[in-house]
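Open the model in your viewer and keep the selection panel at hand. This tour goes stop by stop: select, look, move on.

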Amino acid sequence: MPSPKKILMTEDELLRFRQKFRRSRNGCWLWKAAKDTRGYPVFAFRGRQVQAHRMAYEHFIKKIEKRLLLSHSCGKRECVNPEHQVPSSMRDVLRKAGVIGKSHCKRGHPFTPENTRYDKKGSRLCQECIWDNRGVQWRDKSFCKYGHPLKPDNLYWMARYSEKQGKSVLYRRCKICMRQYQLDRYHRNKSTPTKHS
């Protein structure tokens, strides 16, 4: 199969392209013009915005094949030097970033079937970290933090509005702890003298 043809810029486009970067000592061509929201350089090419590092690679080296990404060998997103771009598959990029093959989360908890949850996009989440973020101090979810068993006859489901999720969220409470809290509150209020006018 013949290799895809290079995309060539005109002399004016090439001059405009070269005015938008500066060369550094380590050989990087650091982009000093517009960047997208992820920090990658963008270049206006024939009426559309294109990623500048991809444009440089396609002009000076060859057209990028379908399903390939460009990895920066120098590690700098703003670099548009085509010699610093390496065509890679998404799998290679994820493996290099350490996403594929991870056995533990960033806090060191193992990704076991019991400790792994998936979000709507299919990304793995650590259940231990979720509990930590919610302020739960205990790990064994079969008991409340005071040691009472969380069985169906001792569970009380409460709804609370979550600002983060923008909806009401159900969470479990221990009935024994709730009763004790209500009794303590009742006796506290009863022992406090009320003021009559």
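Start with Trp-31. At 3% relative accessibility, Trp-31 counts as buried (under 20% relative accessible area; exposed is over 50%, partly exposed in between, with a 1.4 Å probe and protein chains only).

Before going further, note that this is a predicted model, in which local features need pLDDT of at least 70, side-chain atom pairs count only at pLDDT 80 or more, and totals for chains, interfaces and linings use all residues. Residues are numbered from 1 along each chain as its sequence is written, and side-chain values use heavy atoms, with hydrogens and water left out.

**Stop 1: the rings around Trp-31**

Rings of Phe, Tyr and Trp (its six-membered ring) pair if their centres lie within 6.5 Å; planes under 30 degrees apart count as stacked, over 60 as edge-to-face and the rest as tilted. Trp-31 lies in strand 2 and Phe-43 in strand 3 (residues 42-45), so the pair ties together parts that are twelve residues apart in sequence. Helices (H or I, at least four residues) and strands (E, at least two) are DSSP runs, numbered from the N terminus. Both Trp-31 and Phe-43 are buried.

Now widen the view. The structure holds six aromatic pairs. In one of them, the ring centres of Phe-17 and Trp-31 are 5.3 Å apart and the planes stand at 50 degrees, so this pair is tilted. Phe-17 sits in helix 1 (residues 11-18) and Trp-31 in strand 2 (residues 29-31), so the link joins parts 14 residues apart in sequence. Phe-17 is buried too, at 0% relative accessibility. Select Phe-17, Phe-21, Trp-29, Trp-31, Phe-43 and Phe-60 together: they form one aromatic cluster.

**Stop 2: Gln-19**

Select Gln-19, in the loop between helix 1 and strand 1 (21-23). Buried or exposed? Gln-19 counts as exposed, at 53% relative accessibility.

**Stop 3: helix 2**

Select residues 52-60, which make up helix 2. Seven of its nine residues are buried, so helix 2 is largely enclosed by the rest of the structure. The buried residues are Ala-52, His-53, Met-55, Ala-56, Tyr-57, Glu-58 and His-59. They pack against helix 1, strand 2, strand 3, strand 4 (48-51), strand 5 and strand 6 (85-88), where contact means heavy atoms within 4.5 Å.

**Stop 4: the second largest pocket**

Which elements each supply at least two residues of this lining? Helix 2, strand 5 (69-72) and helix 3 (90-97) do. Strand 5 gives the most, with four residues. By class, the lining has five nonpolar, five polar and four charged residues (Ala, Val, Leu, Ile, Met, Phe, Trp, Tyr, Cys and Pro count as nonpolar, Asp, Glu, Lys and Arg as charged, the others, Gly among them, as polar).

**Stop 5**

Select Asn-115, in the loop between helix 3 and strand 7 (116-118). At 8% relative accessibility, Asn-115 is buried. Not counting residues up to four places away in sequence, Asn-115 touches His-109, Pro-110, Leu-125, Cys-126, Gln-127 and Glu-128.

Finish on Arg-124. Arg-124 lies over the face of Phe-111, at 4.1 Å from the ring centre (the criterion is NZ of Lys or CZ of Arg within 6 Å of the ring centre and within 35 degrees of the ring normal).
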